[in-house]
Amino acid sequence: MKRYLVTGGAGFIGSNYVRNLLNKEKDVSVTNLDKLTYAGNLDNLRDLENDSRHHFVKGDIGDAELIDGLVREADIVVNFAAESHVDRSIGKPDDFITTDIFGAFVLLEAARKHGVEKFIQISTDEVYGSTEGASFVENDPLMPSSPYSASKAGADRLAYSYFVTYDVPVIITRCSNNFGPYQYPEKLIPLFVTNAMDDKHLPIYGDGKYIRDWIHVIDHCDAVDFLIANGKLGEVYNIGGGNERTNLEITAIILEKLGKPESLKTYVEDRLGHDRRYSVNCAKINALGWKPNFEFKTAIQDTIQWYENNRWWWERIKSGEYLEYYKAHYGQ
Ligand code: NAD
Ligand code: TYD
């Protein structure tokens, strides 16, 4: 039986990852370590409460004593835990440094001490910075431009250094923008869907022509499993959906699906240091045999539908801590 330690497994991608893994594999156990920050939410894991293969632990990846004990018992470590929202990193970078960099260091140290089979560092396509030309390949220089992406770049390269220096069996993934169920409603798609459902304005930063490459979260999760099985140690792999869209295109899809008026669109002040376009070349993982399964057109419609069907999930978030943050930023 493979013993997984998944960190950040109460967040958006981590919770999808744990559910997907337990659905696919019978003979696994998952220890799910999460600090339950504003973004961590046990509602994301409700349906796994009675699965004896899943053990939730509330804790911090920066807690060396706790991590030492958990990594000692693990075969595979998948590190999703991070502060993940660019706007928050611009407002207050502190937690990004302590979790995204120092936390990764604590995990890597424990992996070095105890030895694990695989250590997956979940990095991001944002570490490359912006491109208006060719899509980034894995050995392009890193030019992160927000405190979020810079902290992720720090962890990404630290993980690599533990492979080169100490032979820790590291694989690093750089995925593009995920969408799907259980995404915290501060990110573009869930924010706009839930706002539109309540006839609230959709705050479009700048001219709205910023481009992201969108991938369904389950395609990302499957790619991580694919790399655990087939990836080469010490390597970086881009993971992308091949669906580059402007924010205005995404907004139009949401308004149309929900039957809401264009007048909800509100152009607001641009994000500081806003990256114009993220784009990754996925030839390296494609050559190993992986490609995304979800078709964007139907997957985005299904995702919007999920938020329509699961008001209970996001209303709890928006009515509590989230509201304070939202008011501070958007005055609504
Ligand atoms: P998220 O914010 O929804 O989830 C992050 C989780 O980490 C939360 O449950 C939070 O409680 C937990 N966490 C935060 N600090 C912690 C700490 N110190 N110790 C333990 N747990 C802690 O983020 P997400 O969108 O699910 O992203 C997950 C990972 O994937 C991140 O590493 C992110 O950089 C990366 N990533 C995200 C995307 C995307 O589009 N969302 C794309 C590429 C990579
Ligand atoms: P986001 O979901 O924060 O992801 P990231 O910045 O990590 O790619 O934002 C996606 C894009 O949407 C980005 O160009 C910023 C833009 N955006 C808005 O225009 N308005 C918003 O309220 C938010 C949250 C994002």
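About 160 Å³ of space lies in the second largest pocket, with volume taken as the space filled by probe spheres set on grid points joined across faces, edges and corners. Everything here comes from a predicted model, where local features need pLDDT of at least 70, side-chain atom pairs count only at pLDDT 80 or more, and totals for chains, interfaces and linings use all residues. Residues are numbered from 1 along each chain as its sequence is written, chains are lettered from A and ligands numbered from 1 in the order in which they are written, and side-chain values use heavy atoms, with hydrogens and water left out.

**The pocket**
- A pocket here is an open set of points on a 1 Å grid over the protein atoms alone, where a 1.4 Å probe fits, with protein on both sides within 12 Å along at least five of seven lines; lining residues have an atom within 4 Å of a point.
- Among the lining residues are Glu 138, Asp 140, Arg 157, Tyr 160, Arg 174, Glu 235 and Lys 284.
- By class, the lining has three nonpolar, two polar and six charged residues (Ala, Val, Leu, Ile, Met, Phe, Trp, Tyr, Cys and Pro count as nonpolar, Asp, Glu, Lys and Arg as charged, and the others, Gly among them, as polar).

**The seven-stranded sheet**
- Seven strands make an open, parallel sheet in the order E3-E2-E1-E4-E5-E6-E10 (strands pair if DSSP finds at least two bridges between them; helices, H or I with at least four residues, and strands, E with at least two, are DSSP runs numbered from the N terminus).
- E3 (54-58) and E10 (236-239) sit at the edges with a single partner strand each, so one side of each has no neighbour in the sheet.
- The twist averages 20° from one strand to the next (axes are lines fitted to C-alpha atoms, for helices over the stretch in contact, and angles run from 0 to 180 degrees between N-to-C directions).
- E1 (residues 2-7) and E4 (residues 76-79) pair in the parallel sense over four bridges, and Leu 5 stands opposite Val 77 in E4.
- Helix H1 (residues 12-24) packs on this sheet, touching E1, E2, E3 and E4, and its direction makes about 170° with that of E2 (contact means heavy atoms within 4.5 Å).

**The three-stranded sheet**
- Another open sheet runs E7-E9-E11, with mixed pairing.
- E9 (residues 211-216) and E11 run antiparallel, joined by three bridges; Arg 212 stands opposite Arg 245 in E11.
- H10 packs on the sheet, touching E7, E9 and E11.

**H10 against H11**
- The axes of H10 (residues 296-309) and H11 (residues 311-318) come within 5 Å and cross at roughly 70°.
- The two helices are therefore roughly perpendicular (65 to 115 degrees).

Technical notes:
Parallel < 35°, antiparallel > 145°, perpendicular 65-115°, else oblique.
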